[in-house]
Amino acid sequence: MNLGLPELLFMLCLALLAVAIIVFAAARAARRPAEPAAGPQEVDARIRHLAAAGKKIEAIKVLRTHTGMSLRDAKLAVDGLAHGHPIRHPALQGPAPQQPAPRQPAGPAADLATRVRRLKSDGRADQAVFLVRGETGMGHDEAVAFVDSIQVAYEGEL
């Protein structure tokens, strides 16, 4: 390899440029103050303040830093703040409030099938379907099939 003076100077410039970029990036990272650990409410308030002040890019950066959201999702969330939409992300929700255990009604009437039978015998099959959907999360067709099967089983017991 025969390298002349121009080639050597070019390679030296490239090496110096690479070193300068690395030093600049390190200095910039050292200047940036470390963000104190903030709670979900403080982060949410900071994002809202930045967005309201017209600093959407900074709000997006803070949101991504604290939630790990993608750039697209964070931008949509910050844009949604202008329309009154809340930011829904587990990292900003804080600990879930303790919910009391659901009460279990006493006696044999607590059984879903028994309540469905009573509603159907009273001619309120539509309400029985709504009851089943509300308590089980079934779709409409599944709940109708369940209510119909309860009626058949109930009639067979008589």
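A salt bridge is a side-chain nitrogen of Lys or Arg within 4 Å of a carboxyl oxygen of Asp or Glu. The model on screen is predicted, and it holds six salt bridges. This tour visits some of them.

**First stop: two helices.** Select residues 56–67, helix H3, and residues 71–81, helix H4. Their axes lie 9 Å apart and form an angle of about 125°.

Now show the side chains between them. H3 contributes Lys56, Ala59, Ile60, Leu63 and Arg64 to the contact, and the residues from H4 include Leu71, Ala74 and Val78. Sorted by class, the contact has seven nonpolar residues, four charged ones and no polar ones.

**Second stop: Asp79.** Select Lys56 and Asp79, whose side chains meet in a salt bridge at 3.3 Å, N to O. This pair joins H3 to H4 across 23 residues of the chain. Lys56 is partly exposed, at 39% relative accessibility.

Lys75 and Asp79 are four residues apart in H4, which means about one helical turn separates them.

Asp148 sits in helix H8 and Lys120 in helix H6, 28 residues apart. Which of the two is buried, and which partly exposed? Lys120 is buried, with a relative accessible area of 17%, while Asp148 is partly exposed at 43%.

Note on methods:
Residues are numbered from 1 along each chain as its sequence is written. This is a predicted model: local features need pLDDT of at least 70, side-chain atom pairs count only at pLDDT 80 or more; totals for chains, interfaces and linings use all residues. Side-chain values use heavy atoms; hydrogens and water are left out. Axes are lines fitted to C-alpha atoms, for helices over the stretch in contact, and angles run from 0 to 180 degrees between N-to-C directions. Contact means heavy atoms within 4.5 Å. Ala, Val, Leu, Ile, Met, Phe, Trp, Tyr, Cys and Pro count as nonpolar, Asp, Glu, Lys and Arg as charged, and the others, Gly among them, as polar. Buried means under 20% relative accessible area, exposed over 50%, partly exposed in between (1.4 Å probe, protein chains only).
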